[in-house]
Amino acid sequence: MRDRSPFKPPEGAISLYIHVPFCERKCPYCAFESDVPCGGDIETWLCLLEKELKWWGSRIGRPVLKTCYIGGGTPTVLSPRHWALLAGVIDSYFDFEENAEVTVEANPNSMDAGHLLLWRDWRVTRVSIGVQSFDDAELIQLGRLHDSVQAHAAISSALASGFSVNADFMFGLPEQTFKNWAMILHEAVRSGVHHISLYQLSIESGTPWESMDTDRLSDGFAMYRWAQWYLPRKGFHQYEVANFSMPGHESRHNINYWREGEYLGAGPGASGYLGGWRYKNTGSLKKYGELIEGGKCAAVSGERLTKEAMAGEAAVLALRMTEGIDLIDYEGRFGVAAKNRIYEVLGDFSDDLYEITDKNVRLTAKGMRIANRIWMEFV
């Protein structure tokens, strides 16, 4: 992207995403942009990140944040000392709303008491832990560096420190049994977490598992359906296709994405959406450094969405959430023709997959199970 910036100061509070591009070891299924750090990589990244945020500050001023999410990668690869430096960098360029939600991602094997103490003394309100499974054989298969005992200990420590806690789990794994999946969800509920995110394994190109025989994968449909039945009976409401929450513990940062809110993404591989522009930073730390040190934006792609594209994307994002599309608001933003297209697209599907009223259209629990097929018709 050329240095001539299309970005302007936001009118209200926005969200911030910081990408930590480091992991202790790459998992065989993971396609996210991250590398094992060596030498002074972490210090280099912190220095470049500060320069990137300074570049943004010269364009959009000093924004107020309603949410901040620090993800990766594995943010707990950063030592508490590095975290203190990162917190200082963020505080130098942003203000926070009084009740801002600040989320950090953590892995059970690398999160320690030092992290929890620093996060609590800074601004962190929410910890998202990459558990993935409570079955040790599955964790080994996934290439994770923790076992089930460490996973439970990490959750207990984060809860004891007063954070709102999310745990991620994967289903549809090779040879995963339904019995194991039911056990994992039972353990998740019993652990006391406030929020559960569920992700079906997808085989991504460029990963060690890209050549895997997909016949080995278990029946993810049945496992997802079970989660939809079981978790609400334990007090978790499904508010988005992959997310279940106790009341008041929904991810406000992710909801901002799904409601098309503005967010600034910083760090290698981060994406952002400001002033109608969507952009993506280079995923290469080397290229990131070259752009930043050259006084340029780290984004290597960017576009202003057409109204038609915005309408399709808005429909997809809203249908991710169980609250669905507010038809009155949608028509006011995109017009009658765009609203009518929603009816046309859904009309090609069985009417037990969605619900339509005068004010709202939403996917049913059954519709959530094939949501990808429905979303594809809008883009």
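A residue is called buried when its relative accessible area is under 20%, exposed when over 50%, and partly exposed in between (1.4 Å probe, protein chains only). This report applies that term to a predicted model, in which local features need pLDDT of at least 70, side-chain atom pairs count only at pLDDT 80 or more, and totals for chains, interfaces and linings use all residues. Residues are numbered from 1 along each chain as its sequence is written, and side-chain values use heavy atoms, with hydrogens and water left out.

**Helix H3**

Helices (H or I, at least four residues) and strands (E, at least two) are DSSP runs, numbered from the N terminus. Helix H3 covers residues 113-121, and its buried residues are His 115, Leu 116, Leu 118 and Trp 119. These buried residues pack against helix H2 (80-93), strand E3 (95-106), strand E4 (126-132) and helix H5 (148-160); contact here means heavy atoms within 4.5 Å. At the start of H3, the backbone nitrogen of Gly 114 lies within 3.0 Å of a side-chain oxygen of Asp 112.

Ala 154 is located in helix H5, and His 253 belongs to helix H8 (residues 252-258). The table gives the accessibility of each.

| Residue | Relative accessibility |
|---|---|
| Ala 154 | 4%, buried |
| His 253 | 0%, buried |

Apart from neighbours within four places in sequence, Ala 154 is in contact with Pro 108, Met 111 and Ile 129. From C-alpha to C-alpha, Ala 154 is 18 Å from His 249, and the two are 95 residues apart in sequence.

With the same exclusion of neighbours within four places, His 253 touches Ser 15, Leu 16, Tyr 17, Thr 67, Cys 68, Tyr 69 and Glu 101. The side chains of His 253 and Thr 67 are joined by a polar contact of 2.7 Å. A polar contact is a pair of N or O atoms within 3.5 Å; within protein, one must be able to donate a hydrogen and the other to accept it, and residues adjacent in sequence count only if both atoms are side-chain atoms.

**Helices H10 and H11**

Two packed helices are described by the angle between their axes and the distance between the axes. Helix H10 (residues 307-320) and helix H11 (residues 327-334) pack at about 165°, with axes 10 Å apart. H10 is therefore roughly antiparallel to H11, a term for angles over 145 degrees. Axes are lines fitted to C-alpha atoms, for helices over the stretch in contact, and angles run from 0 to 180 degrees between N-to-C directions. From H10, Lys 307, Met 310, Ala 311, Gly 312, Ala 314 and Ala 315 meet Tyr 330, Arg 333 and Phe 334 of H11.

How values were computed:
Angles under 35 degrees count as roughly parallel, over 145 as roughly antiparallel, 65 to 115 as roughly perpendicular and the rest as oblique.
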